[in-house]
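Take a look at the structure below. The report that follows goes through it part by part.

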Amino acid sequence: MIFGGWFPNLRLRLHFLFRGKRVDQEMKEELQEHLDRQIQENVAQGMTPEQARRSAVIALGGITQTEQQCRDARVGNGIRDFFQDLRYGFRQLRRSPGFSALAVLCLTLGIGANAAVFSWVEGILFRPYPLVAHQDRLFAIAGLVPGKRIDGLSWPDFLDLRRNCTLCDDAFVTSPTSSTLNVGDRAEITIGSIVSANYFDALGVHPVLGRGFQAGEDVGSNSHPVVVISHQMWRNRFKSDPEIVGKTQRLNNVPHTIIGVAPEGFYGTFVGRAIQFWVPASMQEVFRGGGYVLENRGAHWIESYVLLKPGVSRAQAQQQISAIATQLQTSYPATNRQRGIGIWPLWQTPFNQARLVGPALEVMVVVVAFVLLIACANVGNLLLVRSFARRHEMSVRLAIGATRKRLLKQLLTEGLILSALGAAGGFFIAFLCRYLLGTLHYDGTTLYLPGTIDGRVMAISAGICLLVTLIVGLVPALQARHLDLAGSMKAESGTVVGARSRGWIRSGLVVFQVCLSFILLVGAALLLESLERVRNTSPGFSTSNVVATAVSLVASGYDEPRARTFQNELIDRLRALPGVESAAFGTNTPLGYRGYSSTPIAVDGYQTSPTEQPEVDYNQVSESYFTTLGIPLFSGREFLRSDDQNAPLVAIVNRTMVERYWRGQDPTGLRLQVKGRSARVVGVVADSKYESMAETPRPFFYVPLRQDFDREPDLYIRTSQSPQSTLAAVLREVHALDSNLALYEMITLQEQVNRAAGPQLVAVTLVSTLGGLALLLAAVGLYGVMSYSVAQSTRELGLRMALGADAANLLRLVLSRGLRLTTGGILFGLIAALVLTRLLGQLLYRVSPHDPMVFASALAVMTLIAITACLLPARRASRTDPARVLRD
Amino acid sequence: MTKPSDLMQGTLDMLILKILALEPLNGWGISQRLKQISSEVLGVSDGSLYPALQKLELRGWVKSEWKASGNNRRAKYYSLTRLGRKQLEKETENWNRVSAAISGIVQLKEA
C-alpha cells in the first residue's frame, strides 16, 4: 500500500517539483480548454461572445485564482516555497548589509565560541586519544590515600587489580618519562611513556611498522630493552627509514632495539603531551630513579587505565575495585594500609593535564552557552527592529492572501539563513582555535591540547544552529502575530517611550541580556580576584632570584656512586660562579608535577588511635636547601654535608608537624621514626606550599638527600644573575664535567608558582574574554533598543518639548527607562549569579562565590556600561526639534 | 470564488471518483457530469474541480493522460486507478453508513 501509494506519486511529485514550468503550462492549457468549451456552450445558448466569456470566467472562479489553487494543491510546494523563501531571504539580507553583517557576526561569535569549547571538551576530555578504540569505556585508575589525595599505584597492586577485575576487559599502565636523545652533538630531551606489555593491544592501536610489545616483555629487571617510537619521531629523527625495525637507539644510555613505529596521529595516552616513544615496564630502572620497583608494593609510580566491559557502569566498576583494594589492605598491611583505589572517567582523569584544564572547561561550557544566548537575544532584537520596519510588507502580504503560517515559514527561513551563516563562521572560528588552549595554558613548555572537530561536535553545532534559528525566527514571528491589518496599513503612528504594547519582547530581551552578562561579569570578576589572591599568597619560599633545573643523570645512565660524585662536584663549581649565593638539590620541586613520597612515621609520646596510621609526605634535600629556597629556619640547623650515608639519620620538620605531633614543643634533638628507622630531628622550618597553592598547611618533613639518595634531583640556584646567563653558566659547568649530559628546562620559582596557577589563568583568560564579549553584545543590544525607541517616539518627545519639557527632562526620561531595564536585568542576574557562581568551585581560591566586593564591582561596571549605552540615544532625544516633529 | 466546505470537499472527491468510475473523462466532461447529477444543488464551482483533481492525482487515486480531442486539440483525460477504485468503495460504504445514521437521527420524532 505504501509503495503502491508512494512510488507512482513520488514520480509525480518530482515531476511537479522539477518540471514546474511544464506542469504549469499544461494546467493552463487544461483550464483554457475548459474555458473555451464553456464559452462555446454559452454562445450556443445565445450569449454575445463578450457575455459568454465573462460568464465562463466567473463560473471558473477567476482564471488566476484557480491556477493558484491548483498550484497550492500540488505537493512539493513546501520545497518550492522554501527555495523561494531562501532566495527572498538572501535578497532581504543583501538589502540591509549592515544589519546582516552585525547579525551574522553576533551569531558567528556565539556559535564559534560554543563549537570551539565543544571541540576542546571533545578533544581533551572525552576523546583525548586519537586512534584509540572504545574511549567511552576507558577509565583512569589511581590510588587514594586518606585525605582524598590521589597517588599512583604500585606495580604489584596493578597486577592484582588486573587479575581480579572481572568487570574489566583489560587494564594497562602508562607512566610518563623522558629520555635524552643524542642527535649529532646535541642532546635533546624527549617525552616517552613506560607501559605494560598489553598497552597497544588494549588500545587497539597497531604499529604501522614492526610490532607492539609481547606478553612478558614487562617482566624482569632491564630484561627487554625494546622501544616503539612515534610516527613523528620516525619521520623527523629517522627520516622515515623503512628499515628502522631492528635498529638500535640509545635511550638513557642503554641501547634499545626499535621494534615498531606507532601509526601517524597516535600520541599516546597523556593529555597535554605528544608521547614520542614507549618502553616496557621492565625497563623502568633505566627511566626512573629509585631502583627496581616491579616487586615493590610501596612504590606508587604507576598511572593506569582500565577498559571496562561493555555495559559496565563506573559505579559497578568502582565497587569491585574498592573490594579489591580492601583485600589488598588486609593482605599487605605494611604497604597498603588505608590505601584505596579510585576510578575516574577520562574527563576527570586525576593525573596528567586533564586535571588542570578540566575544571576550566566545565565552566567554559556554561559560559559559552550564555554568550550564545546573549548573541541570540541580540539578533532577535535586531530582527524585531527590522520586523517593525517590515510591518508594512507583512501586512500587504497578509492582505493579498498569504497565510500566517506562510509568513512564519518565511521568517524561520530568514532565521535559518542567518544561523547557517553564523554556524559556518563559527565552525571556521572553532577550526582556527583548535590549538588555542595548548598555547594559552601558562606553561613554558608547549602543551599538546588539540580540539577535535568530529561528528559529535558537528552534531552539537548543527543542533545549536537549529535552536538559534527557532529562537531568532520566532521572535519577529511573535511580533507578526500581533499584526492587525487595518492598523498597520495606516500611516505609522508614533509610540510613546516605554509604551507597553509591542515593546515588551524587546525589553524582555534586553533584561535577559543584561542578566546573563551580569552573571558572566561576576564570574570573571571572581576568577580575577582569586587569581590575584593566588598571586599574592606567599608560597612559603622565595620566588625571586631562584632558578630550578635538573641534569639528566638517570637519562644518561649514571649509577649511584657516579651520581654522588657528580652532584658534589657540580655543586662546588656552581657555588664558585659569580653572582651565585647558594645552590642545592632537592628531589621534588614544590608545586611540581611529581608527587612527594610519603612514609609512615612514629613519634615518642604521640599516641595513635588503632585506626590511625600517621603518614607524612617528605622530600629529600641537600645542604643549603632552605637557604637557597628562602624557607625560614625556626630552630636547630640545616642539613650539613656531613649528614651523609655514614652519619646518623637526621630529619628537619615543618611547623605544622611540630604542632600536630609534638603539641608545639620544639622537637630539636628528639627522635622521629621514619620507615621503621629512627632519625633525630635537627631543625624546624616554616610551612610552605608543597603541591598546590590552594592547599592548607600540612605536616611535612625533610631528610638529607645524601641519606636517601636520588640520582636525579632538581637543582636550585640562588643568584643575582639573569636566568639566561645562569643557564649558560650552568650548562658550561655541567659540560665541563660530562659533555653528554643535558639540562632540563630552567625556570624561576616565580614561573613555577605561575604554572601552579595555570588552571586559574586559563579560566580567567577565557572567561574574561568571553565576559567582555558578552558585555559588548549586551551594550549593543541596550543601545539598539534605546535608540530605536527614541526614533519611534520622536513625535511624543517633540510634543513634550512643545509643552515645556526641556532637554534635561528628556535626557532623564530616556536614561531612566534604559536604567529601569538594566536594573531589572541586574536583579535577575544577581539572583542567578548567587546560585551559579558555586560552579566555579575549584577554580576559586580564598574567594567566596558570594564575595560582596566582587558583586559590587560587577554592579558598578554593568551600570557604567548601561549608562554609556543609553547616553547616546538619550542625547539624541534631548535634541529633538519640536517644531520639525510637529510639522511632519 | 466559492470554496466548498470541509464536508463538501470530501464529498466532491467522492463524486469525482464515482464519475470517473463510469468512464474516463476530461475536466470539462467531469464538470458537465457533475452539474447533471447534482443538479446544481451542491453548488460545486468549476474553479474547485481542478485543484481537487490535482489532489486526487497526487494521492494516486486517479491518473491522467493527454489525448486528442477532436478539432486538432488535445485534452487531459482522467481515469480511476486501482487504488482509486478501492477508495471509492471505502468512501461509498462510509457514506452509506453515515447518511443512514444521520437520516435516522433527522427523522426522529419529537416526543
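In chain A, strand β13 (residues 580–586) and β21(A) run antiparallel and are joined by six bridges. In this pairing, A:A583 stands opposite A:I717 of β21(A). This is a predicted model. Strand β12 (residues 546–550) of chain A also runs antiparallel to β21(A), and five bridges join the two. Here A:V546 is the residue opposite A:R718 in β21(A). Strands of a sheet pair through backbone hydrogen bonds, either parallel or antiparallel.

How many residues of strand β21 (residues 714–719) of chain A are buried? Six of the six are, so the strand is largely enclosed by the rest of the structure. Both of its faces are covered. On one side, A:D714, A:Y716 and A:R718 are buried.

## Chain A as a whole

Chain A holds 29 helices and 22 strands. Its C-alpha atoms fill a box of roughly 135 × 75 × 55 Å along the principal axes. The radius of gyration of chain A is 37 Å, whereas a compact globule of 888 residues would have one near 29 Å.

Of the 888 residues in chain A, 44% are buried. Now take the contacts in chain A with a separation of 6 or more. Residues 24 or more positions apart account for 82% of them.

In soluble globular proteins, nonpolar side chains tend to be buried together. The largest nonpolar core in this model has 230 residues. Helix α13 (residues 354–389) of chain A gives the largest share of this core, 20 residues. Which residues have the most contacts inside the core? They are A:V371 and A:A774.

The two also touch each other: A:A774 is one of the contacts of A:V371 beyond its neighbours within four places in sequence. Another core, of 17 residues, lies apart from the largest one. Among its residues are B:I30, B:A52, B:W61 and B:Y78.

## One residue at a strand end

A:P345 belongs to strand β11 (residues 340–345) of chain A. Is A:P345 buried or partly exposed? A residue needs 20 or more C-beta neighbours within 10 Å to count as buried, and one with 12 or fewer is exposed. A:P345 has 13 inside 10 Å, so it counts as partly exposed.

Leaving aside neighbours within four places in sequence, A:P345 is in contact with A:F139 and A:R314. A:P345 and A:G438 are 93 residues apart in sequence. In space, their C-alpha atoms are 22 Å apart.

## Chain B and its sheet

Chain B has four helices and three strands. Along the sequence they follow the pattern α-β-α-α-β-β-α. Of its 111 residues, 29% count as buried. For contacts in chain B with a separation of 6 or more, residues 24 or more positions apart account for 51%.

The three strands of chain B form an open sheet with antiparallel pairing, in the order β1-β3-β2. Strands β1 (25–26) and β2 (62–68) of chain B stand at the edges. Each has a single partner strand, so one side of each is left without a neighbour in the sheet. Seven bridges pair β2(B) with β3(B) in the antiparallel sense. One residue pair shows this: B:W66 has B:K76 in β3(B) as its bridge partner.

## Where the chains meet

In the contact between the chains, 19 residues of chain B touch 21 residues of chain A. On the chain B side, the elements that give two or more residues are α2 (27–38), α3 (46–58) and β3 (74–80). Which element gives the most? It is α3(B), with eight residues. This side of chain B divides into seven nonpolar, seven polar and five charged residues.

## Confidence

The predictor gives the complex an ipTM of 0.81 and a pTM of 0.71. Chain B averages a pLDDT of 79, and 81% of its residues score at least 70. Within chain B, confidence is lowest in helix α1 (residues 6–22), at a mean of 77. Confidence is highest in helix α4 (residues 82–106) of chain B, at 87.

Over residues 1–7 of chain B, the pLDDT is below 50. Beyond near neighbours in sequence, this stretch has 12 contacts in the model.

Technical notes
Residues numbered from 1 in each chain as written. Chains lettered and ligands numbered in written order. Predicted model: local features only at pLDDT ≥ 70, side-chain atom pairs only at ≥ 80, totals over all residues. Contact = placed C-beta atoms within 7 Å. Nonpolar A, V, L, I, M, F, W, Y, C, P; charged D, E, K, R; others polar. Pairing = 2+ DSSP bridges. Rg over C-alpha atoms; globule rule 2.2 N^0.38 Å. Core = buried A, V, L, I, M, F, W, Y, C linked by C-beta atoms within 7 Å. pLDDT = per-residue confidence, 0-100.
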